Amino acid sequence: MSRVLVLNCGSSSVKYRLYDGDEVRDNGTVERIGEPGGGPADHETAVRQVISGLDLTGLTAVGHRVVHGGTRFGEPVRIDEEVLAAIRDLVPLAPLHNPPNLAGIEVAREALPDVPQVAVFDTAFHRTLPEAAATYAIDRDTAKRYGVRRYGFHGTSHAYVSRRTAELLGRRYDELNTITLHLGNGASACAIAGGRSVATSMGMSPLEGLVMGTRSGDLDPTIIFHLRREGGLSVDEIDDLLNHRSGLQGLAGANDMREVLTRRATGDQAASLAFDVYCRRITSYVGAYYALLGRVDAITFTAGVGEHAAPVREAALTGLERLGITVDPARNAGKGDRVISPDGAEVTVCVVATDEEREIARAARRIAGTA
């Protein structure tokens, strides 16, 4: 039986899982990395702590989540010096994410030199985007020179959840048209036609698209120019504003949807507005992706908010009844992977728990030749 360690290094955390086959043997998260009074000083220390605390006897592969693979990586790859250098070259496209990913890879390669290391890219699933979906309408020479295009993210989650949706419905994956809604602190939508990503809301970076915990999502680019010219904000200050002080945090002063829902229930106007803006954005993307796909068989909610916030699921799909999209209140209030639309609904609405780590483990086994 193959043993695989999965390392998912976020901007301030390291999530890990150890698998024996498909069974989870150990798992956990090291949080608040680099924060004053928090966890380990850096990601290198955190990953060493994880590896030293696990029984890795018989380990056959290590799978690493890498956020940005650019246009080079459309599939998981075994990591060597050339791959490592390429991931490093992509840091300007993902300055908050690729450096922690690199730290995890480098420490694991040093600690486990004889174990195959595999990189699984968040962007890879979206390599099937049509050029019309991936291309921004700016000067094409400038775009080519600086790598400006839609890459998309959360691909590992969208891939897993869309396949799991097909299993749940007893349908062939290559015949199913699905809209997947990954709603966590980061949030994205994806239109999937027969197993291929054809549209996704995140763009060149994870900032574009849906309203998120601390990120703004879509906005008029003129806002950036206005803040620079009229407000005197530096580029770094605007970057910090849009990535860390916007979204639910900027609107309601809380980036956790659970707190927003609690405050909304007490009549808090800021929380109510934040909820409405958040759900309205989802509604608009669902409608747009319905038009792009032409036929939608399923809409699936996943990740922390998508799996647990029934009011969000209901509000996000309200008004789409003429498209055959409805939610059954009793089913919506349930738990687990399930259908939450009424029997006979034209579009099946589902809730499916995402499992990016399991998807990474399967890819690592395949690339390492231990599947």
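Strands β5 and β6 pair in the antiparallel sense over two bridges, where strands are DSSP runs of E at least two residues long, helices are runs of H or I of at least four residues, both being numbered from the N terminus, and two strands pair if DSSP finds at least two bridges between them. The model is a predicted one, in which local features need pLDDT of at least 70 and side-chain atom pairs count only at pLDDT 80 or more, while totals for chains, interfaces and linings use all residues. Residues are numbered from 1 along each chain as its sequence is written, and side-chain values use heavy atoms, with hydrogens and water left out.

**Aromatic pairs and charges over rings**

The structure holds two aromatic pairs, counted for rings of Phe, Tyr and Trp (its six-membered ring) whose centres lie within 6.5 Å, with planes under 30 degrees apart called stacked, over 60 edge-to-face and the rest tilted. The rings of F73 and F121 have centres 4.5 Å apart and planes at 5°, so this pair is stacked. The pair links distant parts of the chain, as F73 belongs to the loop between β4 (59-66) and β5 (77-78), whereas F121 belongs to strand β6 (residues 117-121), 48 residues apart. Y285 and Y289 form an edge-to-face pair, at 5.6 Å centre to centre and with 80° between the planes; both lie in helix α11, four residues apart, or about one turn of the helix.

| Residue | Relative accessibility | Class |
|---|---|---|
| F73 | 4% | buried |
| F121 | 2% | buried |
| Y285 | 13% | buried |
| Y289 | 5% | buried |

A charge sits over a ring if NZ of Lys or CZ of Arg is within 6 Å of the ring centre and within 35 degrees of the ring normal. The charged end of R264 sits over the ring of F275, 3.8 Å from its centre, and that of R149 sits over the ring of Y151, 6.0 Å from its centre.

**The six-stranded sheet**

An open sheet of six strands has the order β9-β8-β7-β10-β12-β11, with mixed pairing. Strands β9 (196-200) and β11 (338-339) stand at the edges with a single partner strand each, so one side of each is left without a neighbour in the sheet. Within this sheet, β7 (residues 177-183) and β8 (residues 187-193) run antiparallel and are joined by seven bridges, and N177 stands opposite A193 in β8.

Helix α11 (residues 269-293) lies across β7, β8, β9 and β10 (298-302), running at about 160° to β7, where axes are lines fitted to C-alpha atoms, for helices over the stretch in contact, and angles run from 0 to 180 degrees between N-to-C directions. Helix α13 (residues 310-317) lies across β7, β10, β11 and β12 (348-351), at about 145° to β10.

**The chain as a whole**

The secondary structure of the protein chain comes to 15 helices and twelve strands. For 371 residues, a compact globule would have a radius of gyration near 21 Å, and the protein chain agrees with its 21 Å; the radius is taken over C-alpha atoms, and the globule rule is 2.2 Å times the number of residues to the power 0.38. The C-alpha trace spans about 55 × 55 × 45 Å along its principal axes. Buried residues make up 52% of the 371 residues, and residues 24 or more positions apart account for 65% of the contacts with a separation of 6 or more, contact meaning heavy atoms within 4.5 Å.

Residue A41, in the loop between β3 (23-30) and α1 (43-52), counts as exposed at 62% relative accessibility. Not counting residues up to four places away in sequence, A41 touches I33 and G34.

Conventions
Buried means under 20% relative accessible area, exposed over 50%, partly exposed in between (1.4 Å probe, protein chains only).
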